[in-house]
Amino acid sequence: MQPRLNAALATAMAALTLAACGAPGAADLPASPGPSPEVSITVVTDPATIGAYTPPAATARVGDTVRWTFTDENPHTATADDGSFDSTTLSSGRTYSHTFEAPGTFAYHCEIHPSMHGTVVVS
């Protein structure tokens with residue numbers, strides 16, 4: 001049973017990583033009448049820095065959940081500049097999700113690596 005669970009988890013992580021790494025419109029999800037959609041942001045290794053949020057700017061709708069997936073080998077956080085959310089320190093393979101209940105532009109950064117930053121625009 002464990003190998004199947006590991007394979008399913010690996011497949012899901014790969015799909016999230018591929019969706020967030022450059023696919024056109026990957027961060028933009030259409031309105032949905034069902035449960036709130038999820039917007040994915042992946043932390044990946046970037047030769048110019050210790051890590052980078054991909055995409056660095058994501059869009060979401062009020063009620064959407066944004067999930068950060070940490071695939072970099074270094075620990076990171078996703079911490080709102082205004083203090084409205086904080087993932088705490090997470091290592092590779094871990095995720096953090098936050099549901100945005102109000103419109104606005106939410107800037108965030110990594111507490112460990114101040115050069116890492118991104119935004120989520122909620123409409």
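How many aromatic pairs does the count come to by the ring-centre rule? I counted eight aromatic pairs, where rings of Phe, Tyr and Trp (its six-membered ring) pair if their centres lie within 6.5 Å, and planes under 30 degrees apart are stacked, over 60 edge-to-face and the rest tilted.

I note that this is a predicted model, in which local features need pLDDT of at least 70 and side-chain atom pairs pLDDT 80 or more, while totals for chains, interfaces and linings use all residues. Residues are numbered from 1 along each chain as its sequence is written, and side-chain values use heavy atoms, without hydrogens and water.

**Aromatic pairs**

I looked up the eight pairs and took tryptophan 68 with tyrosine 96: the ring centres are 5.7 Å apart and the planes at 35°, so the pair is tilted. Tryptophan 68 lies in strand 4 (residues 65–70) and tyrosine 96 in strand 6 (residues 95–99), 28 residues apart; strands are DSSP runs (E, at least two residues) numbered from the N terminus. Tryptophan 68 is buried at 0% relative accessible area, as is tyrosine 96 at 16%; buried means under 20% (1.4 Å probe, protein chains only).

I next examined phenylalanine 85 and phenylalanine 100, an edge-to-face pair with 5.7 Å between centres and 80° between planes. Both residues are buried. I recorded one aromatic cluster, whose members include Trp68, Phe85, Tyr96 and Phe100.

**Sheet**

I found an open sheet of four strands in the order 3-8-7-5, with mixed pairing; two strands pair if DSSP finds at least two bridges between them. Strand 3 runs parallel to strand 8 (residues 117–122), joined by four bridges. I noted valine 121 in strand 8 as the bridge partner of threonine 59.

Terms used. Buried < 20%, exposed > 50% of the residue type's maximum accessible area, 1.4 Å probe, protein only.
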